[in-house]
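Try each task before reading its solution.

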Amino acid sequence: MAEEIFLGDDFLRQLMSVGEVDLLVALPTYNNAGTVVQAIQAIEDSYQQNFVRDRVVILNVDGGSTDHTTEAILNMNGRKAGAHRGITSLRTVHRVTTQYGRTPSQGLALQTVLAAADLLRARSCAMVSPATTNLDPSWIANLLKPAYRQDFAFVAPLYARSKFQGLLARNLLYPMSRAVFGLRIREMYSDEWGFSGRLATNCLGQKLDEAVRARPEAWMAVTAICTGMKCCQSFLGPKAPPTSGPDIVEAIRQTVGNLFWCFHNFQDHWLDRTGTEGVPTFGSDHELMPEDPPASQDKSFELFRSGVKGMDTVLPSILTADTHAQIRQIAALEPEKFRFSSELWVRTLYEFAASYHRATIARDHILQSLVPLYRGQLYSFLLEHGQSSPEEIEADSEGLCLEFERQKPYLIERWKAKS
Amino acid sequence: MKDTIVQGLQQAYLNLFHMIAEFLPRLVVMLVIILSGLLVAYALKYAVRAVLRLSRLDRLSEEAGASRVLRMAALPSMTEVLSRSVFWITLLGFILIGISILNIAGLQEQISRLLRLLPEIVVAMLILFLGLVIANFLSRAALLAAVNAGAASPKMLSWSIRFGIWILAIAMALDELGVARQTVIAAFSIVFGAFMLGLAIAFGLGGQDLARSFLERSLGEKKDDKADELQPL
């Protein structure tokens with residue numbers, strides 16, 4: 001067990017009274033009193049509809065809520081609520097709550113869940129976000145079943161998304177992680193995911209680095225891939241647009257920082273790997289829903305242009321002279337003629353990843369330097385696809401993925417270069 | 001007369017012989033000391049280099065931005081700079097000790113003064129170097145934060161921070177050396193004060209609109225500039 005996890009006496013007592021379980025669903029909360037009850041009900045309904053004979057537990061790990069989130073969970077009526085909706089279970093649906101700290105931390109929350117899963121010998125686990133407003137009982141079942149009924153270690157979700165939702169994943173995280181690690185897992189960064197007890201025990205024995213604590217789900221996925229465990233995807237349903245979330249700077253720090261860290265730390269597993277392969281998918285595939293074009297993103301272009309100009313002393317430490325010159329060239333274009341080509345975007349990202357690996361400057365500064373360039377790429381994408389159909393966007397995304405795969409040797413060349 | 005001249009020459013020859021006889025052993029001792037110093041300096045240089053390589057100082061130096069400062073100044077890596085510094089400081093110390101053995105009047109006192117100053121020179125150099133590294137790191141952090149926030153003059157902000165830290169580091173280094181202490185403090189106060197006053201005037205006169213919008217944003221109804229930006233995840 002990781003040394004830094006401290007399980008309090010009360011928490012241990014609760015876990016011991018539960019005994020061993022088959023299934024565990026965890027809810028990492030922080031001031032979610034408004035939505036947590038609905039989430040717990042969805043989990044209980046899922047247990048009672050799909051896992052009537054199985055030993056189950058709901059685990060709430062709280063990051064120091066001040067809005068009585070824990071009390072809201074404790075005051076809920078368990079089986080009665082389920083029975084009221086005409087469904088029955090043969091076993092008690094246990095609820096365990098604990099507070100892992102006074103400030104929220106996804107990493108610490110996950111470590112607490114992993115420790116609990118290990119102690120309870122859970123066979124299949126799922127993490128769900130209490131902030132998800134459209135959490136459905138079927139989501140829980142879809143996340144738990146592949147690890148429980150089959151031999152999958154990591155279960156990534158698949159959503160039906162609006163076509164301009166999750167563009168960081170579409171234009172960077174998915175194609176880059178797919179090209180580097182060789183597995184086509186579309187949603188490696190998500191609020192919901194499932195994992196086996198075996199993967200939980202494996203991850204529990206490893207140190208969770210500061211760089212991956214904000215988004216530990218991708219670290220779990222990469223750990224599964226690199227230790228030869230089986231991964232799959234499971235369709236959940238429509239992803240509700242987030243009401244709040246990190247801004248671009250923080251999102252890039254959390255997700256791209258996490259991805260680059262995984263490249264750096266798991267390099268032995270991907271440097272010699274070529275090509276990509278799909279993973280088994282349960283339910284329908286990723287779906288794109290039509291959506292009106294977003295409001296004008298001229299501000300993004302302005303920030304890209306001023307960023308490239310302002311960072312002219314920083315970018316030479318990260319990019320090659322040729323790539324930097326090309327970026328300066330496109331930054332000088334008129335907004336309506338602007339185009340950030342896939343070829344240049346991929347090349348830029350690979351040079352960023354290699355610079356992160358060699359730590360040419362402080363790693364956090366490398367990630368921050370990517371923000372204006374991402375804004376430029378986002379502007380180019382929206383300019384090109386404002387009126388495109390979901391099919392056209394999908395085709396373009398596939399083209400970007402293939403470009404990442406085509407240029408992977410360049411990443412390896414930059415990765416191994418001395419300077 | 002002839003005898004007196006011969007006697008004088010003999011005396012001069014004896015004196016010269018005596019002086020050389022007295023000086024030569026000292027010269028040999030000096031050379032031995034310098035040679036030993038050279039060996040010790042080389043040994044220390046390789047030891048320090050090995051220890052620093054083991055401690056991965058170069059990687060840390062890259063991350064902190066110190067290596068870039070060194071490259072800008074056409075200097076080798078941090079490990080090389082430190083190991084070579086140790087070599088030269090050690091050798092210089094031995095050379096000064098060796099020279100002091102020669103017992104040349106006047107030189108003794110100068111050497112003692114230099115030896116006494118040596119630690120202070122090293123500390124002053126260290127202060128300057130740290131100042132450069134910190135200035136580089138913080139100015140880059142400010143530049144990136146300003147660029148990403150869409151601030152009006154990120155480069156000016158970055159250079160202000162860099163310049164401020166440089167002034168502070170130079171003043172501290174000169175103070176460490178004890179060079180015109182009062183003058184340095186006064187000069188630092190004047191330069192720093194003038195700099196801050198300049199910024200205040202520039203902001204007040206040149207950036208009236210900016211100041212107004214800043215105050216409106218701070219005190220009035222808050223509007224997020226990036227509210228229209230798409231949620232990335």
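**Exercise 1: two crossing helices**

In chain A, the axes of helix α2 (residues 33-50) and helix α6 (residues 137-149) come within 7 Å and cross at roughly 65°. (Helices, H or I of at least four residues, and strands, E of at least two, are DSSP runs numbered from the N terminus; axes are lines fitted to C-alpha atoms, for helices over the stretch in contact, with angles from 0 to 180 degrees between N-to-C directions.) This is a predicted model, in which local features need pLDDT of at least 70, side-chain atom pairs count only at pLDDT 80 or more, and totals for chains, interfaces and linings use all residues. Residues are numbered from 1 along each chain as its sequence is written, while chains are lettered from A and ligands numbered from 1 in the order in which they are written.

Task: find which residues of α2(A) and α6(A) meet.

Step 1. On the α2(A) side, pick out Ala42(A), Ile43(A), Asp45(A), Ser46(A), Gln49(A) and Asn50(A). Contact requires C-beta atoms, placed from the backbone, within 7 Å.

Step 2. Their partners in α6(A) are Pro137(A), Ile140(A) and Ala141(A).

Step 3. Sorted by class, this contact has 5 nonpolar, 3 polar and 1 charged residues. (Ala, Val, Leu, Ile, Met, Phe, Trp, Tyr, Cys and Pro count as nonpolar, Asp, Glu, Lys and Arg as charged, and the others, Gly among them, as polar.)

**Exercise 2: the buried face of a helix**

Task: list the buried residues of helix α8 (residues 197-204) of chain A and say where they lie.

Step 1. Gly197(A), Leu199(A), Ala200(A) and Cys203(A) are buried, with 20 or more other C-beta atoms within 10 Å of their own.

Step 2. Looking down the axis of α8(A), these buried residues fall within an arc of 160°, so they line one face of the helix. The arc is that of the directions from the helix axis to the C-beta atoms.

Step 3. They pack against chain A elements α5 (106-120), β4 (124-127), β5 (154-162), β6 (193-196) and α9 (216-226).

**Exercise 3: chain meets chain**

Task: describe the side of chain B that touches chain A.

Step 1. Chain B brings 23 residues to the contact and chain A brings 33 residues.

Step 2. On chain B, the elements giving two or more residues are α2 (57-64), α5 (107-149) and α6 (154-177). The largest share, 7 residues, comes from α5(B).

Step 3. This side of chain B has 10 nonpolar, 4 polar and 9 charged residues.

Technical notes:
Contact = placed C-beta atoms within 7 Å. Buried ≥ 20, exposed ≤ 12 C-beta atoms within 10 Å, placed from the backbone.
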